[in-house]
Amino acid sequence: MSAEPDQSRRLDLIAGGILLLFALAWTATVWRTVPPGFDGIGPRAFPFWLGVALAVLSAVLFGRGLRGSPPPADAEDDDPPAGATVSTGLRLGLVAAVCGIIAVYGVLMQKIGFLPATALTVAATLVVVLGERRPLIVAGMALGIAVGAWLAFGQVLGAYMPRGTWISLF
């Protein structure tokens, strides 16, 4: 393994705690600001349950750090090759980057609308967090996910999709 057991335990506690706080803030904000809709499933459902899923998974990670449980047996296959370790700072930086990207996404969605905000967010996540540098892959994923989500949620399911206050495409 690339990290000492104590260091891995600390990383689980830190990342799990940060993500749990973020998930709780996210679900509370969604509950207070997004209208529930008229039927059982409205515009609030998807972002709310996404936050609940993040809270559950981050609580599991945090609990694993508290217990000091070893990572799953197949986690050793994911370790980088000898000599290529991932530093604690880089790991925490990636967690911070994901939280920052999601926070900016919430602001952008209100300002420029769902479609461009989603495309920019997917592109930023691919480049900043995953390190993808191939422009066709980044553009294809960003546009594919944004348009696919817009079609599925906005057009097929009829959910409200923010149009934006600065620009409004649809």
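Me: Where is A15 placed?
Reply: A15 sits in helix α1. Helices here are DSSP runs of H or I with at least four residues, strands are runs of E with at least two, and both are numbered from the N terminus.

Me: What kind of structure is this, and how are residues numbered?
Reply: Residues are numbered from 1 along each chain as its sequence is written, and this is a predicted model in which local features need pLDDT of at least 70, side-chain atom pairs count only at pLDDT 80 or more, and totals for chains, interfaces and linings use all residues. Side-chain values use heavy atoms, with hydrogens and water left out.

Me: Back to A15: buried or exposed?
Reply: A15 counts as buried, at 11% relative accessibility. Buried means under 20% relative accessible area, exposed means over 50%, and partly exposed is in between (1.4 Å probe, protein chains only).

Me: How far is A15 from S58?
Reply: Their C-alpha atoms are separated by 7.8 Å, although A15 and S58 are 43 residues apart along the chain. S58 is among the buried residues of α2.

Me: How many helices and strands does the chain have?
Reply: There are five helices and zero strands, and the pattern along the sequence is α-α-α-α-α. Of the 170 residues of the chain, 30% count as buried.

Me: What is the reach of α2?
Reply: Helix α2 has 23 residues and reaches 33 Å from its first C-alpha to its last, close to the 33 Å expected at 1.5 Å a residue. That expected span is 1.5 Å times one less than the number of residues in the helix. After α2 comes G68, whose phi is positive, near 75°.

Me: Which residues of α2 are buried?
Reply: They are A45, P47, F48, G51, A55, S58, G63 and G65. G65 has a relative accessible area of 0%. Its C-alpha lies 9.1 Å from that of D6, with G65 and D6 being 59 residues apart in sequence.

Me: How many aromatic pairs are there?
Reply: A search of the whole structure finds three. In one of them, W31 and F48 are tilted, at 5.3 Å centre to centre and 50° between the planes. Rings of Phe, Tyr and Trp (its six-membered ring) pair if their centres lie within 6.5 Å; planes under 30 degrees apart count as stacked, over 60 as edge-to-face and the rest as tilted.

Me: Which helices hold W31 and F48?
Reply: W31 lies in helix α1 (residues 5-33) and F48 in helix α2 (residues 45-67), so this pair ties together parts that are 17 residues apart in sequence. F48 counts as buried at 17% relative accessibility. F48 also pairs edge-to-face with W49, at 5.2 Å centre to centre and 80° between the planes. W49 is exposed, with a relative accessible area of 55%. W31, F48 and W49 form one aromatic cluster.

Me: How many salt bridges does the structure hold?
Reply: It holds two salt bridges, each being a side-chain nitrogen of Lys or Arg within 4 Å of a carboxyl oxygen of Asp or Glu. One joins the side chains of R64 and D12, at 3.0 Å from N to O. R64 lies in helix α2 and D12 in helix α1, so the pair ties together parts that are 52 residues apart in sequence. R64 is partly exposed at 21% relative accessible area, whereas D12 is buried at 9%.

Me: What is the partner of E132?
Reply: E132 forms a salt bridge with R134, the closest N and O atoms being 2.7 Å apart. E132 is buried, with a relative accessible area of 17%.

Me: New topic: which residues make the nonpolar surface patch?
Reply: I137, M141 and I145 make a nonpolar surface patch of about 240 Å². Patch residues have over 30% relative accessible area and no salt bridge; like charges are joined within 9 Å, and nonpolar side chains (Val, Leu, Ile, Met, Phe, Trp, Tyr) within 5 Å. Accessible areas come from the Shrake-Rupley method with a 1.4 Å probe, and for residues only the protein chains shown count as cover. M141 lies in helix α5 (residues 135-156) and is partly exposed at 39%.

Me: Where does UniProt place the feature "transmembrane region"?
Reply: The unreviewed UniProt entry places it at residues 13-34, 46-66, 86-105, 112-130 and 136-160. UniProt positions follow the numbering used here, feature names are shortened, and annotations may be inferred rather than shown by experiment. In the model, residues 46-66 are 100% helix and 0% strand, with end C-alpha atoms 30 Å apart. Residues 136-160 are 84% helix and 0% strand, and their end C-alpha atoms lie 30 Å apart.
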